[in-house]
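Please read the numbered points below with the model open alongside.

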Amino acid sequence: MFVGRTGLVSLVEQLVLVDGTPPVPVGRDRPVLVVEGYGGSGRTEFLHTQWSRWKADTPTVWVDARLVDDPESHSLRPLLVAVMQGLSEKVGGYEVKFPRVVLAHIAMESPVPDVDPERAKQTMRRRLIEYRDRDALITLVGSLLGTSLGAVTPNVPGADVVADTVAQAIVDRLRRASKLAKFTWDESLAWFGHQDNRLRFDPVAALVQLSRQAAIDTADVRGDVDDLLVAALLADVRESLARVAGRPWNALVLLDEGDVPTARSFIAALLRMRRSRANRSPDPSTTPVDPLVVVTTSGGRLAADLPGRDEARPSWLAIDLGELTEQDVHDMARAHIWPPELGTRRVADAVYRLTGGHAAATDLVLRALETAPGLVDRVDEVLGRPGTTASLTVEEELLGRIVKGLGPGDDVGEHLVTLSAARDRTEAGKLRELLDHPPGLDLMMSTTLWSGRSPQGLPALPRFIRYLGLRALAARSDGQDWVTVFTALRDQALADGDHAGRLHHELALGDTALVAAELGELLPDLADEEWLALLDGITATPRLVAEPQSAAVDGRDLVRRLIGTLHALGDPRLSERKALCRRYLLAENDFRTLAGSSEAFLLRAQHYHRLAERLC
């Protein structure tokens, strides 16, 4: 189930809308929308909701780029064929045809061998005549569809039968489009002379050049072919939709896994062709605008490969999904049936405390609680239960989703577990240098994975992702286990003169007395806000190698008790309402005791008072 992100849903609607309300005025190409998020943030679910919303109103295709990526060439051709297939589906009064795309594939069927330019053109003309035959065209288009059928979502069984049926529909649509009594390629062929770029090529010679370049496997030449194919696609969509009078919507391509090389090539070629078309037009008001909206998902890599944006006329926009809000989680909880004595808010509060709004985790935990509502006060136990498949627990399934696409090899998840001990990405970089087999840069540089913020405001793992990693780190019995990793971090902090870091790692290793003694000594000397920030940073990591602290601690040392209280409140395993309430009240009392006339300490006491009121 998809909830929240209403602003993003509204933005897609504005892009699909023909009339062009802000942020996209009339007469401009729609910017490519890049929906960013870490694994499990709801990227694919968002595309699913948009596909369900638009498939009956306007030509819409949903493509999984992973399923058409060629690991050797990363050619965008299967992806382009998948887009053609999806947009060819019948929708209302729309009938999208792709004569230029098909004509380009006829040319690419094999390179024209003749060296003499005139003989080469004669060879191409004979080929075009051969493919005026319906059966020959169906065979060609069917073979193309065979490379892409599995990528068009939802997947359809019986690919061979589907390919033949879809091929017949695409070909018959082409042949009906001809204004002549006998089908020819003349109208579409003329486009290859100008290609929407004010060029003056011989169209047949342009197809001969395409046939030869398509057989050359170098990046530069492949880029030329990619650009021409995407330009043909845009021209076909523009011409087809121009025939629909008074249409309210543009066509929509939903491209999942936009970080895959094939998808990156497609988006880059699309942006190049739009920019080239605009640059060659002396009058922007007369520049052909293609009525195609592209929404793609990304873990953060795609945007780094795209050209810089003109803020006055952006060619692409990147939107970070982020985490669900408390209200979003509450709305998701309302969609389930709970025992009368439990109440939706109690469930939602417990789930949000555990997941921090991680979309996939929230969904899986709510489903598990619906069948086992008694776990609401021990909600972290859900993570150890079977996930959507019995072979993986919920936390194993979630870790798998999170690390997908963050680098090759089976050790990416293990590296994430080790790095989860770090307070922020800077510290993770230092920890990486201490490892015998350091993780790859994809894991380190992902902007969505490190989209959280540490108490110091530095990029950090989102709270729930870090918690999953820390759980797995605490479960290790040898090698890079909890003690080994945090000892390495403590020693590094000591060498760097990082006082806060050293105290944080000492507490993670269990030396509460040492941390309390040093914090107590600093209390009279530091400004109130500075001391509180230090306290927050030190207690930010739950000590998962020990049981969650649910009972009161020794009250003889006020600072030590406060550290224990806040450390427990930062532990997602502590979800039982009475225990939480006691801890909130203890924190309120201790901050009031320490406050004196300090406004900062009194404000902190009021904060915990409000949290206690909500539960007690």
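This is a predicted model: local features need pLDDT of at least 70, side-chain atom pairs count only at pLDDT 80 or more; totals for chains, interfaces and linings use all residues.

1. Contact, as the word is used in this note, means heavy atoms within 4.5 Å. Leucine 458 touches Asp424, Thr426, Gly452 and Arg453, when residues up to four places away in sequence are not counted. Leucine 458 is placed in the loop between β7 (452-453) and β8 (459-460); helices (H or I, at least four residues) and strands (E, at least two) are DSSP runs, numbered from the N terminus. Between leucine 458 and threonine 426 there are 32 residues in sequence and 7.8 Å in space, C-alpha to C-alpha. Leucine 458 counts as partly exposed, because its relative accessibility is 33%; buried means under 20% relative accessible area, exposed over 50%, and partly exposed in between (1.4 Å probe, protein chains only).

2. Residues are numbered from 1 along each chain as its sequence is written, and side-chain values use heavy atoms, with hydrogens and water left out.

3. As to the chain overall, there are 27 helices and eight strands. The C-alpha trace spans about 95 × 55 × 50 Å along its principal axes. Of the 616 residues in the chain, 54% are buried. Among contacts between residues at least 6 apart in sequence, 71% join residues at least 24 apart.

4. Why is strand β4 (residues 251-256) described as largely enclosed by the rest of the structure? Six of the six residues of β4 are buried, so the strand is largely enclosed in that way. Ala251, Val253 and Leu255 point one way from β4, whereas Leu252, Leu254 and Asp256 point the other way. In a regular strand the side chains alternate between the two faces of the sheet.

5. The pairing partners of β4 can be traced next. Strand β2 (residues 60-64) pairs with β4 in the parallel sense over five bridges; two strands pair if DSSP finds at least two bridges between them. In this pairing, aspartate 64 stands opposite aspartate 256. β4 also pairs with strand β5 (residues 292-298) in the parallel sense, over five bridges, and here leucine 255 stands opposite threonine 296.

6. Glutamate 257 lies in the loop between β4 and α11 (261-279). Although glutamate 257 is not a glycine, it has a positive phi of about 65°. It counts as buried, because its relative accessibility is 14%. Arginine 198, in the loop between α8 (186-194) and α9 (203-213), also has a positive phi, near 60°. Arginine 198 counts as exposed, because its relative accessibility is 54%. Most residues other than glycine have a negative phi.

7. The largest nonpolar core has 105 residues; such a core is a set of buried Ala, Val, Leu, Ile, Met, Phe, Trp, Tyr and Cys residues joined through side-chain atoms within 4.5 Å. Helix α10 (residues 219-242) supplies the largest share of this core, 11 residues. A second, separate core of 57 residues includes Val329, Leu366, Leu369 and Val417. Leu33 and Val295 are among the residues with the most contacts inside the largest core. Leaving aside neighbours within four places in sequence, the contacts of leucine 33 include Leu8, Leu11, Val294, Val295 and Ile319.

8. Helix α3 (residues 77-87) is mostly covered, with 10 of its 11 residues buried. Among these buried residues are Pro78, Gln85 and Leu87.

9. Helix α22 (residues 499-508) and helix α23 (residues 512-522) pack at an angle of about 145°, with their axes 8 Å apart. Axes are lines fitted to C-alpha atoms, for helices over the stretch in contact, and angles run from 0 to 180 degrees between N-to-C directions. The contact includes Leu503 and Leu507 of α22, and Leu514 and Val515 of α23.

10. Threonine 539 is placed in the loop between α24 (528-538) and α25 (558-569). Threonine 539 counts as buried, because its relative accessibility is 6%. Residues up to four places away in sequence aside, threonine 539 touches Leu507, Ile563, Leu566 and His567.
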